[in-house]
Amino acid sequence: ARLGAGPVVLPVRCYPLWVDTIGEVWISTVEMWVGTPTVALPLALDGGYGWLQLSSPSCKPLDLCGVGERYDPAGSQTSVMRGPFNESYGFGIFQAAGTTYGDLVRVAPEDGPLAMALAVIDQFSSAIASPEGNLNTSGGLGYAIPDSDMAQFSLLTTLMEQRRLPPRLTLWLPATLAETGYLLLGTPTVGTVLSVPVEKSTWAGKPYFHYWTATLSGVAVDGQAVLNCASPLNQCKFLLDSAAGGMTLAGIAPIFVAPDCSNVSSLPRITVMIANVSFDFLPADYILRSALDGTCYSSIVSAPSFAPSILGTTWLRTYPTTLDQGALTMSVHEKAHLAQIIPTEFLT
């Protein structure tokens with residue numbers, strides 16, 4: 001990590017978890033060091049909630065708690081119990097119950113500590129069946145927009161208050177499982193293609209579950225409009241979430257991909273328009289080969305009519321995006337701009 005005048009730079013690594021309607025879901029992870037003595041914990045990046053969430057040694061079920069190293073408050077000399085924790089998130093699909101603690105968190109082993117509130121989870125439940133997967137994590141780093149009552153659990157808010165860094169993060173996911181992406185905290189505003197205000201929407205009936213949400217101005221396939229959002233419908237809303245596989249877009253027809261990728265050259269260009277600025281996705285951007293069985297598939301699928309579009313991992317592999325928690329804006333960059341904000345040693 002890089003501290004001081006520049007942003008905090010955290011490597012992001014991905015691995016396949018399970019297969020769903022958007023193809024193979026990748027889990028994006030960063031590593032944090034928690035407690036005294038410190039324990040290295042891989043955490044899933046998730047835009048569905050706004051707190052730092054760790055699995056306790058007794059957390060169940062494993063499909064939701066993960067099978068990575070666990071944080072044990074009893075084993076940390078600096079942990080302080082605070083009270084119960086019981087919250088729902090992800091459109092109310094998931095419920096997490098446990099205990100809150102205060103402890104020290106480091107974004108790198110040699111870094112100075114941050115004093116933070118942690119949600120330590122003993123029990124997860126889900127309103128839908130959870131596919132079995134290899135969840136090699138110890139919890140999650142949520143970056144949804146927190147309200148004041150949850151700000152103490154937010155890593156971004158903590159960095160802003162204790163390190164005086166701007167409350168901005170930039171997320172760029174790796175293009176392949178073998179590569180490294182980056183999570184930048186305290187990002188300067190450079191190389192912006194587009195900046196739009198986000199809509200601080202309330203999901204799941206809770207006042208602080210704020211996905212990063214805005215409105216599309218349209219979707220096109222090979223230059224032909226398939227969704228016109230001049231009069232926005234629910235379909236024209238979108239949310240950004242690195243925990244969602246691929247992208248779901250309203251208006252597009254199913255994209256047939258030959259299992260051996262033999263028809264990729266004939267597949268369409270998909271264009272997403274935000275504030276009338278076009279962001280293109282070529283087949284090389286959205287056609288992936290499964291790490292599980294080697295078959296090819298489209299990571300862009302049609303969104304159901306009752307749900308917003310989701311800009312998930314496919315968006316974040318192609319267009320680095322900055323989320324400004326202070327100004328409540330979402331900014332999009334070209335990949336070339338990252339060299340202006342990532343120190344050289346991280347790119348070599």
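Analyst: Strands (E, at least two residues) and helices (H or I, at least four) are DSSP runs, numbered from the N terminus. Two strands count as paired if DSSP finds at least two bridges between them. The model is predicted, so local features need pLDDT of at least 70 and side-chain atom pairs count only at pLDDT 80 or more, while totals for chains, interfaces and linings use all residues. Residues are numbered from 1 along each chain as its sequence is written, and side-chain values use heavy atoms, without hydrogens and water.

Strand β6 (residues 94-106) has strand β5 (residues 80-89) as an antiparallel partner, joined by nine bridges. One example is S88, whose bridge partner in β6 is Q95. Strand β7 (residues 114-126) also runs antiparallel to β6, through twelve bridges. Here G98 has I121 in β7 as its bridge partner.

Another group is an open sheet of five strands with mixed pairing, in the order β12-β15-β22-β16-β21. β12 (212-215) and β21 (300-302) are at the edges with a single partner strand each, so one side of each has no neighbour in the sheet. On average, neighbouring strands here are turned by 30 degrees against each other, direction ignored; the axes are lines fitted to C-alpha atoms, and angles run from 0 to 180 degrees between N-to-C directions. Within this sheet, β15 (residues 237-240) and β22 (residues 309-311) run parallel and share three bridges. L239 stands opposite I310 in β22.

Now the side chains. A nonpolar core is a set of buried Ala, Val, Leu, Ile, Met, Phe, Trp, Tyr and Cys residues joined through side-chain atoms within 4.5 Å. Buried means under 20% relative accessible area, exposed over 50%, and partly exposed in between (1.4 Å probe, protein chains only). The largest nonpolar core has 67 residues, of which M32, L183, I274, F281 and W315 touch the most other members. β7 gives the most to this core, with four residues. Apart from this core lies another of 14 residues, including I121, the residue already named as the partner of G98.
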